[in-house]
Amino acid sequence: MNIVILTGAGISAESGLGTFRSDDGMWSQYDLEEVATPEGFARNPALVHEFYNARRANCRGAQPNKAHLALAELEARHTGNVLIVTQNVDDLHRRAGSRNVLHMHGELEKARCVRCGHDWPAPGTMSVLDRCPKCRSGLCRPDVVWFGEDVRFLLEIEQAIREADLFAMIGSSGQVSPAAEFMMLARDNGADTIELNLERSGVADHARNVVLGPATEIVPKWVGRLVPLS
Ligand code: NAD
Ligand code: ZN
């Protein structure tokens with residue numbers, strides 16, 4: 001059985017990383033147009049670095065929670081394929097032990113050259129003074145996908161969803177495209193579908209099952225029905 005799991009900011013909320021639409025937290029203190037668009041970076045790269053440096057520091061201080069750990073155990077114990085497709089730029093799935101993870105919105109822990117596209121592990125603090133270690137001249141940016149930019153691995157993700165027997169969406173509002181369309185793609189290709197979320201998402205009506213609650217409670221329970229958990 002092939003399992004594809006889409007995760008969003010909600011799975012990391014109980015690790016202390018604010019969700020995108022929560023009223024508190026970092027996203028509400030900054031103007032999205034200024035910190036999460038290529039135009040914002042062109043206008044004020046120092047502000048954009050400040051924002052992502054703070055998010056990286058938060059992330060480094062956070063630990064994977066029971067939901068991340070349960071998904072890692074699912075991958076380890078399930079005899080078929082388990083693929084995690086995440087909208088999160090944190091590395092909590094990897095640190096929980098998941099290996100098969102596609103970061104469709106990039107990664108906070110990577111830096112990229114604006115000029116030559118080379119990428120490398122991000123230092124804790126990035127600055128406008130940094131230059132690319134390869135071409136030595138390019139400006140450096142966080143290797144995350146901003147609004148208006150193409151998401152990563154889209155063809156690969158869509159193919160995996162078409163081949164999925166079970167598709168789960170965890171902790172995502174289902175409002176950011178194209179992730180919002182994955183639930184329908186899975187259903188239309190015959191997969192069983194489930195949403196695990198704090199509140200019903202915009203695509204909950206397309207899921208066969210909806211389980212509501214905090215991810216650290218509902219995800220281990222769901223995984224426990226698929227494989228025995230230690
Ligand atoms: P979102 O903020 O739009 O939605 C979060 C969802 O999680 C909501 O449906 C909410 O009900 C649910 N949720 C909140 N707390 C939860 C909990 N404890 N357990 C289960 N569910 C919970 O996030 P999104 O759908 O991922 O899309 C927003 C964008 O924001 C993405 O592009 C993502 O890259 C970015 N983002 C990433 C992070 C991160 O990397 N940790 C954090 C914030 C935003
Ligand atoms: Zn370069």
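## A buried histidine

His-105 is buried, at 13% relative accessible area; buried means under 20% relative accessible area, exposed over 50%, and partly exposed in between, with a 1.4 Å probe and protein chains only. The model is predicted, and local features need pLDDT of at least 70, side-chain atom pairs count only at pLDDT 80 or more, and totals for chains, interfaces and linings use all residues. Residues are numbered from 1 along each chain as its sequence is written, chains are lettered from A and ligands numbered from 1 in the order in which they are written, and side-chain values use heavy atoms, with hydrogens and water left out.

His-105 sits in the loop between β3 and β4 (106-113). Helices (H or I, at least four residues) and strands (E, at least two) are DSSP runs, numbered from the N terminus. Contact means heavy atoms within 4.5 Å.

## Nonpolar cores

A nonpolar core is a set of buried Ala, Val, Leu, Ile, Met, Phe, Trp, Tyr and Cys residues joined through side-chain atoms within 4.5 Å. The largest one has 21 residues, and Ile-5, Leu-71, Leu-74, Ile-170, Val-219, Trp-222 and Val-223 touch the most other members. Two or more residues each come from β1 (3-7), α6 (66-77), β2 (82-86), β7 (166-170), β8 (192-197) and α10 (215-226). Helix α10 gives the largest share, 5 residues.

Which residues does Ile-5 touch, not counting residues up to four places away in sequence? They are Leu-71, Leu-74, Val-82, Leu-83, Ile-84, Val-85, Ala-168, Ile-170 and Trp-222. Another core, of 20 residues, lies apart from the largest one, and among its members are Val-4, Leu-6, Phe-167 and Ala-191.

## One side of helix α8

Helix α8 covers residues 154-162, and its buried residues are Ile-157, Ala-160 and Ile-161. These residues are on the same side of α8 because they cover an arc of only 100 degrees around the axis. The arc is that of the directions from the helix axis to the C-beta atoms. An α-helix has 3.6 residues a turn, so residues three or four places apart point the same way.

The buried residues of α8 pack against β1, β2, β3 (101-103), β7 and α9 (179-188).

## Around ligand 1

How many residues surround ligand 1? There are 27, and the closest are Arg-21, Gln-87, Asp-90, Ser-172 and Ser-173; a residue is near a molecule or strand if one of its heavy atoms lies within 4 Å of it. Helix α1 (residues 9-13) gives the most to this shell, with 4 residues.

Some polar contacts can be listed, a polar contact being a pair of N or O atoms within 3.5 Å; within protein, one must be able to donate a hydrogen and the other to accept it, and residues adjacent in sequence count only if both atoms are side-chain atoms. An oxygen atom of ligand 1 lies 3.5 Å from a backbone N or O atom of Gly-10. A nitrogen atom of ligand 1 is 3.0 Å from an N or O atom in the side chain of Glu-14, and a nitrogen atom of ligand 1 is 2.8 Å from a polar backbone atom of Ala-215. On its own, ligand 1 has 850 Å² of accessible area, and the protein covers 92% of it. Accessible areas come from the Shrake-Rupley method with a 1.4 Å probe; for residues, only the protein chains shown count as cover.

Arg-56 belongs to helix α5 (residues 45-60). Is Arg-56 buried or exposed? Arg-56 counts as buried because its relative accessibility is 1%. Apart from residues up to four places away in sequence, Arg-56 touches Leu-108, Glu-109, Ala-122, Pro-123, Gly-124, Thr-125, Met-126 and Pro-142. The side chain of Arg-56 reaches the backbone oxygen of Pro-123 at 3.4 Å.

Asp-143 lies in strand β6 (residues 140-144) and is buried, with a relative accessible area of 3%. Leaving aside neighbours within four places in sequence, Asp-143 contacts Gly-106, Glu-107, Lys-110, Ala-111, Arg-112, Asp-119 and Arg-152.

## Positive phi angles

Arg-136 is not a glycine, yet has a positive phi of about 65 degrees. Arg-136 is in the loop between β5 (119-121) and β6 and counts as exposed, at 64% relative accessibility.

Phe-153 also has a positive phi, near 60 degrees. Phe-153 is found in the loop between β6 and α8 and counts as partly exposed, at 39% relative accessibility.
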